[in-house]
Amino acid sequence: AAALVALSFSGAIGLTFLMLGCALEYYGVYWPLFVLIFYFICPIPHFIAKRVSDDSDAASSACRELAYFFTTGIVVSAFGFPIILARVEAIKWGACGLVLAGNAVIFLTILGFFLVFGRGDDFSWEQW
């Protein structure tokens with residue numbers, strides 16, 4: 001229960017950074033909210049690989065490695081998107097910094113979710 005509270009708290013902190021990067025009057029541009037798409041699609045390759053690969057005892061499988069590759073691409077894109085927006089002056093660099101901080105917190109929260117609930121014990125996301 002404590003892990004779930006910590007994960008939800010860190011998720012709220014990450015989303016707060018993202019919202020501050022958008023909603024502060026000095027920045028006032030909501031383009032960085034498109035990063036939310038990356039947050040939602042980040043775990044999808046892992047879920048697909050978990051469903052497809054039946055041999056969960058194997059040390060490595062091509063499907064799992066491909067899922068890691070796609071997930072890495074999604075995470076790198078989420079960090080690159082605000083940098084590109086700031087570079088073309090669609091957002092200010094301060095907003096870019098806040099969005100990058102929010103990205104780090106959110107992706108660490110997603111990683112923490114998989115580390116805590118991915119063990120396959122009595123309550124896990126595998127049952128969904």
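At what angle do α3 and α4 pack, and how far apart are their axes? This is a predicted model. In it, the angle between α3 and α4 is about 175°, and their axes lie 8 Å apart. Angles over 145 degrees count as roughly antiparallel. That is why α3 is described as roughly antiparallel to α4.

Now look at the residues that touch. From α3 come P45, H46, A49 and V52. They meet C63, R64, A67, F70, T71 and I74 of α4. Sorted by class, this contact holds seven nonpolar residues, two polar ones and one charged one.

Follow the chain onward to the next pair. Helix α4 covers residues 62–87, and helix α5 covers residues 93–117. These two pack at an angle of about 170°, with 9 Å between their axes. So α4 and α5 are also roughly antiparallel to each other.

Which residues make this second contact? On the α4 side they are V75, A78, F79, P82, I83, A86 and R87. On the α5 side they are W93, C96, V99, L100, N103, A104 and F107. The contact of α4 with α5 has 12 nonpolar residues, one polar and one charged.

Which helices each supply at least two residues of the patch? They are α2, residues 35–41, and α3, residues 44–52. I37, for instance, sits in helix α2.

Methods
Residues are numbered from 1 along each chain as its sequence is written. This is a predicted model: local features need pLDDT of at least 70, side-chain atom pairs count only at pLDDT 80 or more; totals for chains, interfaces and linings use all residues. Side-chain values use heavy atoms; hydrogens and water are left out. Axes are lines fitted to C-alpha atoms, for helices over the stretch in contact, and angles run from 0 to 180 degrees between N-to-C directions. Helices (H or I, at least four residues) and strands (E, at least two) are DSSP runs, numbered from the N terminus. Angles under 35 degrees count as roughly parallel, over 145 as roughly antiparallel, 65 to 115 as roughly perpendicular and the rest as oblique. Contact means heavy atoms within 4.5 Å. Ala, Val, Leu, Ile, Met, Phe, Trp, Tyr, Cys and Pro count as nonpolar, Asp, Glu, Lys and Arg as charged, and the others, Gly among them, as polar.
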